[in-house]
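Hello,

Here is the structure you were going to look at, with my notes below it.

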Amino acid sequence: MSEIIKVGMADLKVCSSPNGLTTLGLGSCVGIAIRDPITKIGGLAHIMLPDSTAIRGGQLNVPKFADTGITELVRQMEAMGARRNRMVAKLAGGAMMFAFQNNKTDLVRVGDRNVEASRKKLAELQIPVLVADTGANYGRTVIFYPETGDYVIRAVGKPEKVI
Amino acid sequence: MADMSLDNVTQNYMDVLREIGNIGAGNAMTALSQMLQCKVDMQVPQVRLLEFQEVGSMMGGEEQLMVGVYLAVEGDITGSIMFLVRTDSAKHLVNKLMMGMASEGEELNEMEISAMKEISNIITGAYLNSLSMLTNLKIYPSPPDLALDMAGAILSVPAIEFGIMGDKILLIQSQFYDDVEIDGYFILIPDLESYEKILSALGMV
């Protein structure tokens, strides 16, 4: 029996086929799905903020940030037997839920910046981004299947799509 | 008070925040009752400090359809405030305001969205007013913006704002009733500097 493992906000999980991963109600956060097509090992990270180095004080919550979260996701996948040079990624989320802009500099376009930071980190790790469904102004629920690499996206009042 | 992060909010602060929440929500209910011209009762609001993961599940799941209204706050303190209700509750409130003329179903049409914005304006305005009176700080809200979407997606916005300060989110849950039960949530998100200002205005620092 396969199961679908839930990934919370500021959280990351890895699994292998036939299991899948899901995260519910992505808003400005980004869901980064990475897969090794040979071992069919997959990982999903639900990050909230672009950059761990811009945060003042406090303990570092690794899965909360694009930079640290992706690094950790890749590390855990490698520990399971996935190979970095085969990994490919898909992105979803990064919406701007409200048109009104918060004028605090660290929050302006946080959705877009989360996507940019995720792409930057993936490029640094030489993991290609195959496809992305990001931006706009609506929330997304995603389900990722490492077996096929299908990334299923659901949104309120919109047909389900697979990228 | 150099390193005041939300993660080490003490019981004392929680009590103060609960009291602000209580008075704020009370004022908000009075305003709502006047606007809708009916009696609105409320329970003592609950103030909760939640992990990010817990937030969606307490509102009926991350995929629960909610109406979220979000306003920026400026003046002596800066930050934002969000008021959330389930779509069926929002529909109920709108229907009341429109004298029973609201459309069928869970969706809100343009007129209903504008009515809901007005209701939220009144509610959050009353809420901020009482905070302003208590603290003697000037607080001005921006015009509201509304989203109808999954709870998780709407909550990602305040969660990210809290995420800059720590790993928890502060939520005020107030249940109120007219003839049906309505679950409303307030999320007040002052910037860190503003937290200090609020607390010191209340003589807490």
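Two strands are said to pair if DSSP finds at least two bridges between them. Strands (E, at least two residues) and helices (H or I, at least four residues) are DSSP runs, numbered from the N terminus. The model is predicted: local features need pLDDT of at least 70, side-chain atom pairs count only at pLDDT 80 or more, and totals for chains, interfaces and linings use all residues. Residues are numbered from 1 along each chain as its sequence is written, and chains are lettered from A and ligands numbered from 1 in the order in which they are written.

Sheet in chain A. L26(A) lies opposite R140(A) in β8(A). β3(A) and β8 (residues 140-144) of chain A are antiparallel, with four bridges. Both belong to an open, mixed sheet of five strands in chain A, ordered β1-β3-β8-β9-β10. β1 (4-6) and β10 (158-162) of chain A are at the edges with a single partner strand each, so one side of each has no neighbour in the sheet.

Interface. Chain A and chain B each put 30 residues into the contact (C-beta atoms, placed from the backbone, within 7 Å). On the side of chain A, strand β3 (residues 20-26) gives the most, with three residues.

Chain B. G184(B) is in strand β8 (residues 181-190) of chain B. G184(B) counts as buried because 24 other C-beta atoms lie within 10 Å; the cut-offs are 20 or more for buried, 12 or fewer for exposed, and partly exposed in between. Beyond four places in sequence, its contacts are F83(B), L84(B), V85(B), S174(B) and F176(B).

Regards

Notes
Contact = placed C-beta atoms within 7 Å.
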